[in-house]
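Here is a briefing for a first look at this structure. Keep the sequence and the 3D view side by side as you read.

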Amino acid sequence: VFPNHVHNIIRCRMTAFAELGVMPEIVQAIEEMDWLLPTDVQAEAIPLILGGGDVLMAAETGSGKTGAFSLPVIQIVYETLRDEKEGRCPNVKVQGGKMVLNPHDRGEAFAISPDGLLCQCREHKQWQGCRSTFGINQGKYYYETTVTDEGLCRVGWSTQGGTLELGKDRYGFGFGGTGKKSTNSQFDDYGKAFGKDDTVG
């Protein structure tokens with residue numbers, strides 16, 4: 001039996017890594033290795049990498065860089081293998097029919113949250129995009145998106161042959177925050193401009 005303060009320390013350790021998005025099995029392994037709390041480098045890099053972001057960092061020896069990269073890599077590999085085993089590969093309809101953003105079909109600077117419901121462009125001088133986890137061949141579908149950050153965004157759809165920059169080729173259609181629709185690089189006024197806290201459907 002441990003004193004209460006020891007239980008609180010253990011709970012704090014496990015909560016700290018779990019709050020970064022690290023899966024419970026890895027958090028348990030970290031605890032068994034007696035890692036205390038994430039270093040500054042780990043606290044900053046782990047959520048970004050797990051969210052699909054590209055991370056480049058420089059820090060001194062002993063700062064925790066190896067853990068910052070290896071923990072997310074282990075988790076991503078595990079989750080990818082698990083998803084393949086369960087038939088939830090990229091571009092395949094996921095269990096329950098839930099369509100989310102596809103971390104395997106995205107621009108290099110396009111970060112996606114682990115649940116596939118939030119995204120953010122990490123490149124401010126170039127458009128980025130992604131596709132969903134499965135495609136539509138027939139029928140009518142509707143979706144909504146809510147803008148939760150400042151900056152311009154474009155929503156829409158494309159075929160598999162389209163670029164990730166919606167509306168720039170003939171295989172996709174986009175609607176941008178400036179209130180313009182686009183296809184094949186033809187931009188026309190359509191509807192109203194939208195921005196942070198607006199929902200577009």
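From the N terminus on, the elements run α-α-α-α-β-β-β-β-β-β-β-β-β-β. That makes 4 helices and 10 strands. The model is predicted. Of the 201 residues in the protein, 30% are buried.

**Helix α2**

- Helix α2 spans residues 24-32, and its buried residues are I26, V27, I30 and E31.
- Seen down the axis of α2, these buried residues fall within an arc of 145°, so they line one face of the helix.
- An α-helix has 3.6 residues a turn, so residues three or four places apart point the same way.
- Just after α2 comes D34, with a positive phi of about 65°.

- V77 sits in helix α4, which covers residues 65-85.
- The relative accessibility of V77 is 46%, so V77 counts as partly exposed.
- The cut-offs behind that label are 20% and 50%: buried is under the one, exposed is over the other, and partly exposed is in between.

**Salt bridges**

- A search of the whole structure finds 3 salt bridges.
- One of them joins the side chains of D105 and R131, at 3.2 Å from N to O.
- D105 belongs to strand β1 (residues 101-106) and R131 to strand β4 (residues 130-132), so this pair ties together parts that are 26 residues apart in sequence.
- Are D105 and R131 buried or exposed? Both are buried.
- Another salt bridge pairs K168 with E165, at 3.3 Å from N to O.
- K168 is partly exposed, because its relative accessibility is 35%.
- E165 also counts as partly exposed, because its relative accessibility is 26%.
- The side chains of K180 and D189 meet in a salt bridge as well, at 2.5 Å from N to O.
- K180 has 29% relative accessibility and therefore counts as partly exposed.
- D189 has a relative accessible area of 64% and is therefore exposed.

**A negative patch**

- Which residues gather in a patch of negative charge on the surface? They are D149, E150, D197 and D198.
- D197 lies in the loop between β9 (186-189) and β10 (199-200).
- The relative accessibility of D197 is 59%, so D197 counts as exposed.

**The loop between β2 and β3**

- D115 lies in the loop that runs between β2 (110-112) and β3 (119-121).
- At 44% relative accessibility, D115 counts as partly exposed.
- How many residues apart in sequence are D115 and L101? They are 14 residues apart in sequence, and 8.5 Å apart in space from C-alpha to C-alpha.

**Points to find in the 3D view**

- Begin with α2 and pick out I26, V27, I30 and E31, its buried residues.
- Next, trace the salt bridge from D105 to R131, which links strand β1 with strand β4.
- Finish at D197, in the loop between β9 and β10, and look for D149, E150 and D198, the other members of its negative patch.

Definitions and conventions. Residues are numbered from 1 along each chain as its sequence is written. This is a predicted model: local features need pLDDT of at least 70, side-chain atom pairs count only at pLDDT 80 or more; totals for chains, interfaces and linings use all residues. Side-chain values use heavy atoms; hydrogens and water are left out. Buried means under 20% relative accessible area, exposed over 50%, partly exposed in between (1.4 Å probe, protein chains only). Helices (H or I, at least four residues) and strands (E, at least two) are DSSP runs, numbered from the N terminus. The arc is that of the directions from the helix axis to the C-beta atoms. Patches are made of residues with over 30% relative accessible area and no salt bridge: like charges are joined within 9 Å, nonpolar side chains (Val, Leu, Ile, Met, Phe, Trp, Tyr) within 5 Å. Accessible areas come from the Shrake-Rupley method with a 1.4 Å probe; for residues, only the protein chains shown count as cover. A salt bridge is a side-chain nitrogen of Lys or Arg within 4 Å of a carboxyl oxygen of Asp or Glu. Lys and Arg count as positive and Asp and Glu as negative; His and the chain ends are not counted. The place of a charge is taken as NZ of Lys, CZ of Arg, CG of Asp or CD of Glu.
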